[in-house]
Amino acid sequence: MPAISKKGQNMPQSPIRKLVPYAEMAYKQGKTVYHLNIGQPDIKTPEIALDAVRVHSLDILAYTRSEGSDEYRNKIANYYSQHDIEVTKSDIIVTTGGSEALLFAFGSVMDTDDEVIIPEPFYANYNGFSTASGVNIVPVISKIEDNFALPPIEEFEKLITPKTKAILICNPGNPTGYLYSKEEIKKLADIVKKHDLFLISDEVYREFVYDGATHYSIMQEEGLAEHAIMIDSVSKRYSMCGARIGCLVSKNKEVIATALKFAQARLSPPTLAQIASEAALQTPQSYFDNVIEEYVARRNTLITELKKIEGVKVGQPKGAFYCIVELPVKNSDAFAQWLLESFDVNGETVMVAPAAGFYSTPGVGLNQIRIAYVLNQDSLKRAVSILKEALKVYKD
């Protein structure tokens with residue numbers, strides 16, 4: 001038969017979704033599965049966004065502009081101005097989720113075999129995006145013992161080679177919940193200016209910042225206009241993962257013009273989802289206040305319960321709604337599959353995301369999992385209690 005491409009063969013499976021068949025089998029066996037594996041919030045989508053789709057007056061569901069509708073991009077720019085980010089609609093390309101924005105960014109600024117420096121662990125799909133783009137990831141490793149704090153910024157500089165084109169960060173971070181300080185952003189800005197690199201910042205969790213901390217965007221940093229590319233999405237902010245609307249933002253006109261070529265190749269972002277996303281921008285601050293309060297409570301409950309389990313280590317998230325957990329097992333892939341195939345407590349089990357897929361360094365993170373605390377507190381407590389019982393009997 002015809003051969004599959006090497007790129008296709010090298011494309012990594014999602015560590016978040018590859019266990020789905022085992023979860024489906026658990027459901028067929030009548031088990032209840034607590035999903036700690038995926039960042040799908042259970043928070044209700046703002047009614048104003050859903051209503052905008054219900055009552056639209058369109059006669060034809062037509063294409064929009066490749067860069068997204070003028071009205072929506074103007075309103076996105078207004079949203080950013082409220083967060084001390086001054087951009088115009090011409091600095092924004094609406095994309096099919098933050099994922100497409102990242103692919104457009106990779107394609108616009110990197111060629112085959114170029115390098116991008118990324119602190120790890122990182123969002124697992126960065127591995128996939130780099131493979132699809134023919135780009136090599138150069139990791140900067142952070143450790144759970146240091147609560148995934150970045151090593152000295154100077155470590156980034158040591159990794160720069162003639163093939164380095166960009167540094168990519170996720171702020172706040174998935175999967176660690178790490179929040180970059182203003183000082184760290186400034187140091188990264190100095191490095192990319194010194195070495196003439198791009199700084200790409202995935203900021204889809206900007207609203208999810210805890211303990212009185214403040215999010216500082218690369219787009220707020222002066223003198224970085226030609227270097228900064230911001231990735232954003234409505235998915236988590238408004239609990240609208242299924243809308244698949246994101247955006248790429250940059251004041252670098254050449255980046256925008258190049259990304260637009262990729263946007264034109266896929267024609268346009270989805271029309272109804274843009275209508276919902278535009279309406280979502282009217283969501284009152286009280287919505288976010290309540291959501292943040294809920295996530296802080298969930299985080300605190302989860303961390304407290306996990307620390308009661310002997311042999312478990314866990315980082316303390318400062319943002320987003322994830323944490324990395326180190327377990328007393330040798331291989332979390334095997335453990336996660338066993339949980340779904342062979343273990344339950346009174347017909348209940350848990351689904352977690354093995355963390356090795358959130359690294360690019362081979363052999364790292366094998367005994368770690370990522371937990372998304374997107375369930376209510378009672379469900380989180382129950383899920384952790386099941387995890388505790390599982391670890392008592394699991395044999396590597």
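In which order do the four strands of the open sheet lie, and is their pairing parallel or antiparallel? I looked this up first, and I found the order β9-β10-β13-β12 with antiparallel pairing.

**Ground rules.** I am working on a predicted model, where local features need pLDDT of at least 70, side-chain atom pairs count only at pLDDT 80 or more, and totals for chains, interfaces and linings use all residues. Residues are numbered from 1 along each chain as its sequence is written, and side-chain values use heavy atoms, with hydrogens and water left out.

**The sheet.** I noted that helices (H or I, at least four residues) and strands (E, at least two) are DSSP runs numbered from the N terminus, and that two strands pair if DSSP finds at least two bridges between them. The edges of this sheet are β9 (313–314) and β12 (353–354), each pairing on one side only. Next I checked how β12 is held: two bridges join β12 to β13 (residues 368–372), and the two strands run antiparallel. For A353, I found the bridge partner R370 in β13.

Then I looked for what packs on the sheet. Helix α11 (residues 285–306) does, touching β9, β10 (322–326) and β13; contact here means heavy atoms within 4.5 Å. The direction of α11 makes about 5° with that of β10. Axes are lines fitted to C-alpha atoms, for helices over the stretch in contact, and angles run from 0 to 180 degrees between N-to-C directions.

**The whole chain.** I counted 13 helices and 13 strands in the protein chain. Its radius of gyration is 21 Å, which agrees with the value near 21 Å for a compact globule of 396 residues; the radius is taken over C-alpha atoms, and the globule rule is 2.2 Å times the number of residues to the power 0.38. The C-alpha trace spans about 60 × 60 × 55 Å along its principal axes. Of the contacts with a separation of 6 or more, 76% join residues 24 or more positions apart.

**Cysteines.** How many disulfides are there in the whole structure? My search found zero, taking a disulfide as a pair of cysteine sulfur atoms within 2.5 Å. For C247, the nearest cysteine sulfur is that of C170, 14 Å away. C247 is buried, at 4% relative accessible area.

Terms used. Buried < 20%, exposed > 50% of the residue type's maximum accessible area, 1.4 Å probe, protein only.
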